[in-house]
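Hi everyone, thanks for coming.

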Amino acid sequence: MSELHKFIFDGLPVRGMIVRLTDSWQEILKRREAAGGYPPEVMQLLGEMTAAGALMQSNIKFNGALILQIFGDGPVKLAVAEVQPDLSLRATATVTGEVPEGSSLSQLVNVKNEGRCAITLDPKDKFPGQQPYQGVVPLFGDRHEKIEKLSEVLEHYMLQSEQLDTRLILAADGNVAAGLLIQRLPVKGQGNLEGQMDRQANEDQIGVNEDYQRIALLAGTLKREELLTLDVDTILRRLFWEEPVTRFEPLTPSFACSCSRERVGNMLRGLGTAEIESIIAERGQVDVACEFCGAQYGFDPVDAAQIFTHPVQQPPPTSTVQ
């Protein structure tokens, strides 16, 4: 069963989380099998994104979806991981070109150094006119050098958005997607991706807190194979056996998809009557498959007509679903 554990280091300004996605990650991959599955390199990237999304969602107090996207100019045009407040999650990737064996992150999405990583917080209950919060960072460093680890991209993002030192270790294969997050606690207020905190006080502590530096260094010794194969108890004991750690009740991430016939109908309505009629004239009906879960939705001429004559009163999707 998938699990996410939160913990703190007693008396120290440091918190941590570790996630192991097993059944939920395997379900994501299973639903992609009908379309041929993902190349191993894409599977690893998407798994790391899904684990990171679960960690980041659990690290904030936010009633809405956290959507992590990677997009660029390589064979992977878009990769998306979406995590809800209850840790229900889904993920998908759009691959349009050949993926060479052993491709790195830059070879997948950042060939010309134009790739980007976007983190969006989409509130569940929006105020009138309220837009999702979004932050975007490039897939290169301060000297425009290409970054080859997703974890480093996200560490940089969290340092920018929260002014908090963060150490992130990610790994994924065909069975497990896992991650370890270590973060310095904010000096004042509660850190979140909306920036509601005393940024100056937190910025003053960047890179100077010895307790965080020590624990982050220990976390950095965790090997990929250990993260994928060892249970949570063993990992924490091996890394932090000399540190006073308090753990909380584990949470249970799960696979879930929010697609529905109503949401697909709203999407089709947005295309307009002429476009839908053109598709029906060519194919007899409109067929739409959810890229996340593989669910198939068919709309014959009568169904399509009802979309425009009796629209469903439902808000549009909060992310690129279909």
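**A buried cysteine, a helix pair and a loop**

Let's start with Cys117, which has 0% relative accessibility and so counts as buried. Keep in mind as we go that this is a predicted model.

Where does Cys117 sit? You'll find Cys117 in strand 6, which covers residues 116-123. And which residues does Cys117 touch, if we skip residues up to four places away in sequence? Those are Leu68, Gln69 and Ile70, then Gly135, Val136, Val137 and Leu139, and finally Val153 and Leu154. Here's one more distance to look at on the screen: Gly72 is 45 residues from Cys117 along the chain, and their C-alpha atoms are separated by 8.8 Å.

Now zoom out a bit. The largest nonpolar core has 70 residues, and Cys117 and Leu154 are the ones with the most contacts inside it. Which element gives the most to this core? That's helix 2, with 10 residues. There's also another core lying apart from this one, made of 24 residues, and Phe7, Leu180, Ile215 and Leu227 are among them.

Okay, since helix 2 came up, let's see how helix 1 packs against it. When two helices pack, we describe them by the angle between their axes and the distance between those axes. Here, helix 1 is residues 23-32 and helix 2 is residues 40-58; their axes come within 11 Å and cross at roughly 140 degrees. At that angle, helix 1 and helix 2 are therefore oblique to each other. Helix 1 passes helix 2 in a right-handed crossing. On the helix 1 side, the contact is made by Trp25, Ile28 and Leu29, while helix 2 brings in Met43, Leu46, Gly47 and Thr50. Sort the residues of that contact by type and you get 5 nonpolar, 2 polar and no charged.

Last stop: Leu251. This one is in the loop between strand 10 (245-247) and strand 11 (254-255). Is Leu251 buried or partly exposed? Its relative accessibility is 35%, so Leu251 counts as partly exposed. Now find Glu3: Leu251 and Glu3 are 248 residues apart in sequence, yet 5.7 Å apart in space, C-alpha to C-alpha. Glu3 is also one of the residues in contact with Leu251 once we leave aside neighbours within four places in sequence, and the list includes Ser2, Leu4, Lys6, Ser58 and Leu87 too.

Definitions and conventions. Residues numbered from 1 in each chain as written. Predicted model: local features only at pLDDT ≥ 70, side-chain atom pairs only at ≥ 80, totals over all residues. Heavy atoms only, no water. Axes fitted to C-alpha atoms, helices over the stretch in contact; angles between N-to-C directions. Helix = DSSP H or I, 4+ residues; strand = E, 2+ residues; numbered from the N terminus. Parallel < 35°, antiparallel > 145°, perpendicular 65-115°, else oblique. Left-handed = near helix turned anticlockwise from the far one by under 90°. Contact = heavy atoms within 4.5 Å. Nonpolar A, V, L, I, M, F, W, Y, C, P; charged D, E, K, R; others polar. Core = buried A, V, L, I, M, F, W, Y, C linked by side-chain atoms within 4.5 Å. Buried < 20%, exposed > 50% of the residue type's maximum accessible area, 1.4 Å probe, protein only.
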